[in-house]
Amino acid sequence: MSSGATQIVGTSRAVGGAPRRRSPRGGEKLTPYLFLSPALLLFLTFVVAPLFGAIALSFTDWNLLGSKRFIGLDNFTRLAEDGDLHKALGNTLIFTFWSIVLHVVVGLGMALAVNRQMWRVTRYFLRTAFFFPFLVSWAAVALIWQYALDPNFGIATFYGDKVGIPGLADGWLLNKTYALPALILVDLWHTIGFAFVVFLAGLQAIPGHLYEASEVDGAGPVRRFWHVTLPMLSPTIFFIVVISFIGAFQIFEPMYIMTRGGPDGATSSVVQYLYETGFRNYEVGYAASIGLLVFVAVLAATLVQFLLRRRWVFEG
Amino acid sequence: MLAAGMSRRSLLRSGAIAAAGLTSASLLAACGSDDSSGSGGDGGGGGAELSFVYMGTAEQQKSWNDLFAEFGRTNRTIKLEATGVPVDNWAAFFDKVNTQIAGGVKYDIVQIATEGRELFASANLLEPLDDFIGRDRRELDELLADVDPNLIKWNTESGSPDGRTYYLPGDFNTMCLWLNTDVVRRAGAEVPTDDWTWDDFYQLGRQVKDRTGAFLYPATAEYFIGVMPWLTTNGASTMSADWRTATCDTPEAIEAAEFARKLVQDRLSPAPGGSFDRFTLTIQGRMAAFGGGRWPILQVRSLRAVDKFELLAWPHNKAERGSPVGWAGYPIFKTSENKEDAWTFVKFLVSEEGETYFAKGGGTIVPARRSVAESPAFLDDSPRGTEKLYEALQYATPIPSPPRNNIIQREIEDIWGQILTGNTSAEDGMKKMQDEISANL
């Protein structure tokens with residue numbers, strides 16, 4: 001490795017003084033690819049190849065146990081007619097919207113609360129406490145919250161009833177009105193730590209002299225927030241919006257573990273529906289076409305976000 | 001550390017792009033890991049090792065392992081590789097096994113409950129057993145003479161779509177009520193008899209609630225445990241006897257759903273959907289009864305509460321008696337290269353020796369052989385009335401399980417849950433159930 005580098009550094013200069021690079025020899029051309037090859041091989045084997053397999057599957061009718069039958073575009077036609085899928089898509093969009101809003105607002109609020117002068121131990125404690133749920137597996141989170149939301153002895157049911165939330169006698173998760181909001185809040189509790197840490201890092205990277213200058217100009221805390229913090233934080237907000245969107249649009253675990261998409265489909269998400277279709281109903285071809293739909297939706301939404309980025313993200 | 005020339009902002013942007021690409025791709029990949037022609041896998045087969053996959057939660061493993069050890073002692077030339085799938089319901093078991101089979105894993109024998117019999121038999125995966133049965137007629141005649149004729153009849157009707165035999169009648173479960181007699185006596189009531197009615201049941205619940213504060217019974221939306229007992233004791237079911245027509249919107253079915261809802265509404269049952277453990281709650285005396293087959297025996301024994309319980313036939317309304325029944329089968333796969341050894345193991349599972357050993361070791365299924373079900377191996381260290389689980393074969397209804405049962409069962413449980421919580425009325429719910437089942441038959 002060092003010989004090649006030395007040769008490039010020590011190469012003779014052309015007449016104009018610009019460095020002239022020697023074309024790498026055959027063996028040297030291969031070197032970067034050899035370094036990349038383990039990761040590339042894994043990526044091709046476990047992501048790219050199955051992805052093309054899924055595309056091929058989406059044109060078939062296959063029940064896992066029998067043989068596959070080519071059915072052309074039938075699965076894609078069915079996407080347009082499947083009321084349960086549309087319901088799952090609607091739930092997913094509601095979940096995604098609230099997930100993005102709450103992650104940005106609550107995550108930023110928590111980061112602002114911690115990003116100030118305080119006793120070091122308190123700061124460490126708050127950082128750890130806010131981030132800790134993010135480290136807990138979804139299975140454990142679901143169990144904890146199933147207890148909290150239990151209709152008979154759940155703490156959330158008890159206090160929800162005390163503050164006058166109507167209709168809680170039968171609990172949260174079997175109630176069509178409360179089941180999805182409950183899952184949105186459980187997801188927020190579980191993942192807000194990530195948004196909090198990213199926002200905190202973003203806040204700490206804002207140069208202090210900008211605040212000093214704005215103070216000199218007479219800006220109060222609110223104006224400083226609107227005219228310094230938010231613009232400087234806009235790339236971080238953009239990152240959180242994109243990541244939250246991708247995560248929320250593919251939400252699966254709480255629906256699968258806590259509600260199975262019920263009651264009456266009130267909490268079904270599109271990925272949970274995909275799973276049920278493929279591995280419960282054994283309609284693997286149709287499930288693959290739902291996977292393609294999600295792929296296209298996530299890709300399209302992400303591209304739109306990137307196009308709109310120029311209008312509100314400060315790139316200075 | 002950031003790469004040269006890469007700002008924090010561009011890193012965030014790149015991160016978002018990479019995440020979008022990778023997560024979407026991996027989602028698609030989840031559907032695409034397909035190799036139907038795959039061979040091998042970790043299931044064995046194709047050698048001297050006999051592979052068997054069965055449903056066994058962690059607490060059931062010991063009795064299975066003892067049974068396999070016993071088989072090994074008497075069949076030293078056959079090496080058995082048994083895989084227990086630790087799930088607690090058949091739908092999850094089939095999800096797992098079907099996915100493994102689709103992925104190329106080969107098993108010689110699989111444990112299949114009623115819920116999967118049609119699916120497997122119609123998928124052309126199983127080896128017909130008729131030749132083996134013809135050859136070992138005498139041995140099997142002895143088995144059939146010891147098994148309740150109803151079980152033999154149901155086994156033939158539901159597991160032989162093309163007239164050939166794929167399953168021997170295996171062990172089963174019916175539903176009875178496990179009654180904590182301490183709670184009943186504390187409430188000042190008499191332990192009911194087996195001909196008790198829904199009204200008797202309700203009145204007992206009122207008395208227990210008023211005098212002890214305990215619940216009567218945990219209403220649940222589970223198909224076998226919570227739905228079918230109420231339907232069958234009112235002369236109803238989810239489907240016709242041939243499983244070809246939905247029958248959920250009959251007045252009897254609606255009445256059954258209304259009664260189950262009433263138990264919740266009047267707080268004789270805890271609100272469904274909770275995380276409470278029905279066995280512990282009943283053993284602690286905070287509930288009078290729960291429904292079950294043989295499987296609660298492990299918890300009841302481990303908490304040393306056998307003497308507290310008595311099993312009673314399910315209370316009835318319009319039918320004289322009622323219970324669902326589901327039974328296991330142990331078919332051999334067509335792809336098995338050890339069919340002779342597999343047949344030896346299947347015969348062992350239904351032999352008097354095998355069933356006795358399993359029952360003695362704490363098996364959570366009722367033996368198919370009457371002689372074993374009525375023997376001390378099964379009845380010792382069990383609550384009074386345990387023999388009623390076998391007697392229920394006289395009046396039980398096979399749990400309706402058409403090929404698309406996975407979808408149907410989910411719909412039934414979701415809708416019954418909504419009826420129990422009052423999200424929908426019994427009439428509307430059962431009509432919806434009728435439509436959903438009809439659409440999937």
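Biologist: Which residues does Phe345(B) touch, not counting those up to four places away in sequence?

Modeller: Two residues are in contact if their C-beta atoms, placed from the backbone, lie within 7 Å. By that rule Phe345(B) touches Leu50(B), Phe52(B), Phe71(B), Leu80(B) and Ile109(B). This is a predicted model, in which local features need pLDDT of at least 70 and side-chain atom pairs count only at pLDDT 80 or more, while totals for chains, interfaces and linings use all residues. Residues are numbered from 1 along each chain as its sequence is written, and chains are lettered from A and ligands numbered from 1 in the order in which they are written.

Biologist: Which residues have the most contacts inside the largest nonpolar core?

Modeller: In soluble globular proteins, nonpolar side chains tend to be buried together. A residue is buried if 20 or more other C-beta atoms lie within 10 Å of its own, exposed if 12 or fewer, and partly exposed in between, with C-beta atoms placed from the backbone. A nonpolar core is a set of buried Ala, Val, Leu, Ile, Met, Phe, Trp, Tyr and Cys residues joined through C-beta atoms within 7 Å. Here the largest one has 192 residues, and Phe345(B) is among those with the most contacts inside it, together with Cys176(B), Tyr217(B), Ala288(B) and Val346(B). Helix H8 of chain A (residues 179-204) gives the most to this core, namely 12 residues. Helices (H or I, at least four residues) and strands (E, at least two) are DSSP runs, numbered from the N terminus.

Biologist: What share of the residues in chain B is buried, out of 441?

Modeller: The buried share of chain B is 52%. Its secondary structure comes to 20 helices and 10 strands. Of the contacts in chain B between residues at least 6 apart in sequence, 77% join residues at least 24 apart.

Biologist: In what order do E1, E2 and E3 of chain B form an open sheet?

Modeller: Strands of a sheet pair through backbone hydrogen bonds, either parallel or antiparallel. Two strands count as paired if DSSP finds at least two bridges between them. The order is E2-E1-E3 in chain B, with parallel pairing. E2 (79-85) and E3 (109-110) of chain B stand at the edges with a single partner strand each, so one side of each has no neighbour in the sheet. Strand E1(B) (residues 49-55) is joined to E2(B) by seven bridges, and Val53(B) has Thr83(B) as its bridge partner in E2(B). Helix H2 of chain B (residues 61-74) packs on this sheet, touching E1 and E2, and its direction makes about 170° with that of E2(B). Axes are lines fitted to C-alpha atoms, for helices over the stretch in contact, and angles run from 0 to 180 degrees between N-to-C directions. Helix H14 of chain B (residues 339-350) lies across E1, E2 and E3, at about 40° to E1(B).

Biologist: At what angle do the axes of H9 and H10 of chain A cross?

Modeller: Two packed helices are described by the angle between their axes and the distance between the axes. The axes of H9(A) (residues 208-216) and H10(A) (residues 221-249) come within 10 Å and cross at roughly 160°. H9(A) is therefore roughly antiparallel to H10(A); angles under 35 degrees count as roughly parallel, over 145 as roughly antiparallel, 65 to 115 as roughly perpendicular and the rest as oblique. Leu210(A), Tyr211(A) and Ser214(A) of H9(A) make the contact with Arg224(A), His227(A), Val228(A) and Met232(A) of H10(A).

Biologist: Where is Tyr282(A) found?

Modeller: Most residues other than glycine have a negative phi, and most peptide bonds are trans. Tyr282(A) has a positive phi, near 60°, and is found in the loop between H12 and helix H13 (284-312) of chain A. Tyr282(A) is buried, with 25 other C-beta atoms within 10 Å. The peptide bond from Gly262(A) to Pro263(A) is cis, with omega near -5°.
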